[in-house]
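Dear colleague,

I am passing on a structure for you to look through, and below it I have written out what was found in it. Please keep it open beside the text as you read.

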Amino acid sequence: MPLLINDSNIKIKSINKTILKRTLIKVIKYLKIEEKQINIVFIDSKKMRSLNNNFSKINKSTDVLSFLLDGYDKSILGDIFISLNNAKKNCSSNKNSLIKEVKILCIHGILHLIGLDHKNKNEKKKMFKLQNDLYEKFK
């Protein structure tokens, strides 16, 4: 199962990718998408703002964006971009460690790649429950 993690963000303390990968591999196997490639890229807030503006027309940074790559190569599921700057900010309000916050954001991104969303109240409730359940099961 190809799970690729790229940390291009050198301005903030990096997280332990081995611990992150161990959790995410369990989540991916549980969701039965282990044959698909997922790319996780850590970026800074400036790059995240640019991505969010270009693809969502929202001119501000966010913590996680997912892009389903539905093209010729069916072995690639998609890309997940995480802003470590925003993840670190979330830690204060969520009272999470950075590794816990990043795991939750990655799980959130994976759920988007398999088609879940949170555009309405019911979708949001279902998605966030599954996100939290998966974190608790495989943390």
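The axes of helix 1 (residues 17–30) and helix 4 come within 10 Å of each other and cross at roughly 30 degrees, where axes are lines fitted to C-alpha atoms, for helices over the stretch in contact, and angles run from 0 to 180 degrees between N-to-C directions. Helix 1 is therefore roughly parallel to helix 4, given that angles under 35 degrees count as roughly parallel, over 145 as roughly antiparallel, 65 to 115 as roughly perpendicular and the rest as oblique. On the helix 1 side the contact (heavy atoms within 4.5 Å) is made by Ile 19, Leu 20, Thr 23, Leu 24, Val 27 and Ile 28, and on the helix 4 side by Ile 99, Val 102, Lys 103, Cys 106, Ile 107 and Ile 110. By class, this contact of helix 1 with helix 4 has 10 nonpolar, one polar and one charged residues; Ala, Val, Leu, Ile, Met, Phe, Trp, Tyr, Cys and Pro count as nonpolar, Asp, Glu, Lys and Arg as charged, and the others, Gly among them, as polar.

Before going further, please note that this is a predicted model, in which local features need pLDDT of at least 70 and side-chain atom pairs count only at pLDDT 80 or more, while totals for chains, interfaces and linings use all residues. Residues are numbered from 1 along each chain as its sequence is written, and side-chain values use heavy atoms, with hydrogens and water left out.

Helix 4 also meets helix 3. The axes of helix 3 (residues 84–94) and helix 4 (residues 98–113) come within 9 Å and cross at roughly 110 degrees, which means that helix 3 is roughly perpendicular to helix 4. Their contact includes Leu 84 and Ala 87 of helix 3, and Leu 98 and Leu 105 of helix 4.

With helix 5 (residues 121–138), the axis of helix 4 comes within 10 Å and the crossing is at roughly 130 degrees, so helix 4 and helix 5 are oblique to each other. Among the residues making this contact are Ile 104 and Leu 111 of helix 4 and Phe 128 and Leu 134 of helix 5.

As for the whole protein chain, there are five helices and four strands, these being DSSP runs numbered from the N terminus (helices H or I, at least four residues; strands E, at least two). From the N terminus on, the elements run β-α-β-α-β-β-α-α-α.
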